[in-house]
Amino acid sequence: MQQYPNHGDDRNQGWCVYCGGLDETRDHVPSRVLLDEPLPENLPVVPACGKCNSSFSRDEEYLACLVECALTGSLATASNRARVGSILERSAGLAARLEAARYESGGQAGFSAETDRARNVLVKLARGHAAFEENEPQLGEPASVSFAPFTALSEQQRARFESATDPRGFWPEVGSRAMHRAVLGEIGPAGWVEVQANRYRYRVHPGGRTVHIVIAEYLAAEVMWE
Ligand SMILES: [Zn+2]
């Protein structure tokens, strides 16, 4: 994917976009664990403090494994994805938790999600996308966080999720990366930025207060701030 310079104002520069702490390191957003090799060039990076940079990684691994398990029906089949296979191999505890979360209903396998952990990651990702695209750090608690597999959404819900425009929307900030993408026609239908096909896409509504995320074309998430 193309990278554009950030000529917006400097509200999201100089501190951690997740907690407002010190700008000590760079964090990829989305996290590499959610993508496949070879990684796309020029993955977005945001400033982060050392603590945030490392403290999300276990939950990110959990979410990456959960999505693959839910998508494929078992830990064995999820392990066919190289990244997930290596996590499950080295983390027996995580593998055991996922195995215990597996259930069958009507001949279909499912996995109960640890919603706090999934939420933790989705809010982090949304904060990173909002800061990167729109220069709008969202350090406060979101007003709402929703996520569900596409298979659980009605046709109408899916259509709204894919195409909805934020009623509070306005133009991207002048000079922001979102504006560069918009001007150059790089933002896809309805504003989606595709990081890696069939693996990860996101959309930040102008103003940065609503972020939509799709992982593995399976899990749909919406994070909103007031
Ligand atoms: Zn931080």
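Biologist: What is the relative accessible area of R119 in this model?
Modeller: The model is predicted, so local features need pLDDT of at least 70 and side-chain atom pairs count only at pLDDT 80 or more, while totals for chains, interfaces and linings use all residues. Residues are numbered from 1 along each chain as its sequence is written, and side-chain values use heavy atoms, with hydrogens and water left out. R119 is placed in helix α6 (residues 115-134), where helices (H or I, at least four residues) and strands (E, at least two) are DSSP runs numbered from the N terminus. Buried means under 20% relative accessible area, exposed over 50% and partly exposed in between (1.4 Å probe, protein chains only), and R119 is partly exposed because its relative accessible area is 31%.

Biologist: Which residues does R119 contact, leaving aside its neighbours within four places in sequence?
Modeller: Contact means heavy atoms within 4.5 Å. The C-alpha atoms of R119 and S146 are separated by 8.3 Å, although the two residues are 27 apart along the chain. With neighbours within four places set aside, the contacts of R119 are E141, P142, V145 and F147.

Biologist: Is R127 buried or exposed?
Modeller: R127 is also found in helix α6. Beyond residues up to four places away in sequence, R127 touches V17, Y18, Q138, L139, G140, E141, P142 and W225. Its relative accessible area is 10%, so R127 counts as buried.

Biologist: How far is V29 from F132 in space, C-alpha to C-alpha?
Modeller: V29 lies in the loop between β1 and β2 (45-48), and at 2% relative accessibility V29 is buried. Not counting residues up to four places away in sequence, V29 touches Y18, P44, V46, L125, G128 and H129. V29 and F132 are 103 residues apart in sequence, but the C-alpha separation is 8.7 Å.

Biologist: What is the arrangement of the four donor atoms around the zinc ion?
Modeller: Donors are N, O and S atoms within 2.8 Å of the metal (3.2 Å for Na, K and Ca); water is not among the atoms, so sites may look incomplete. The zinc ion is coordinated by the SG atoms of C16, C19, C49 and C52, at 2.3 to 2.4 Å. Four donors count as tetrahedral if all angles lie between 85 and 135 degrees. The angles here are 101 to 117°, so the arrangement is tetrahedral.

Biologist: How many residues apart in sequence are the parts tied together by C16 and C52?
Modeller: The donor residues of the zinc ion follow the spacing C-x2-C-x29-C-x2-C. C16 lies in the segment before β1 (25-28) and C52 in helix α1 (residues 50-55), so the pair ties together parts whose separation in residues is 36.

Biologist: At what angle do helix α4 and helix α5 pack?
Modeller: Axes are lines fitted to C-alpha atoms, for helices over the stretch in contact, and angles run from 0 to 180 degrees between N-to-C directions. The axes of α4 (residues 82-90) and α5 (residues 92-101) are 5 Å apart. Angles of 65 to 115 degrees count as roughly perpendicular, and α4 and α5 are therefore roughly perpendicular to each other. The angle is about 105°.

Biologist: What share of the 226 residues of the protein counts as buried?
Modeller: The secondary structure of the protein comes to eight helices and nine strands. Of its 226 residues, the share that counts as buried is 50%.

Key. Angles under 35 degrees count as roughly parallel, over 145 as roughly antiparallel, 65 to 115 as roughly perpendicular and the rest as oblique. Four donors count as tetrahedral if all angles lie between 85 and 135 degrees; four count as square planar and six as octahedral if opposite donors are over 155 degrees apart and all others between 65 and 115; anything else is irregular.
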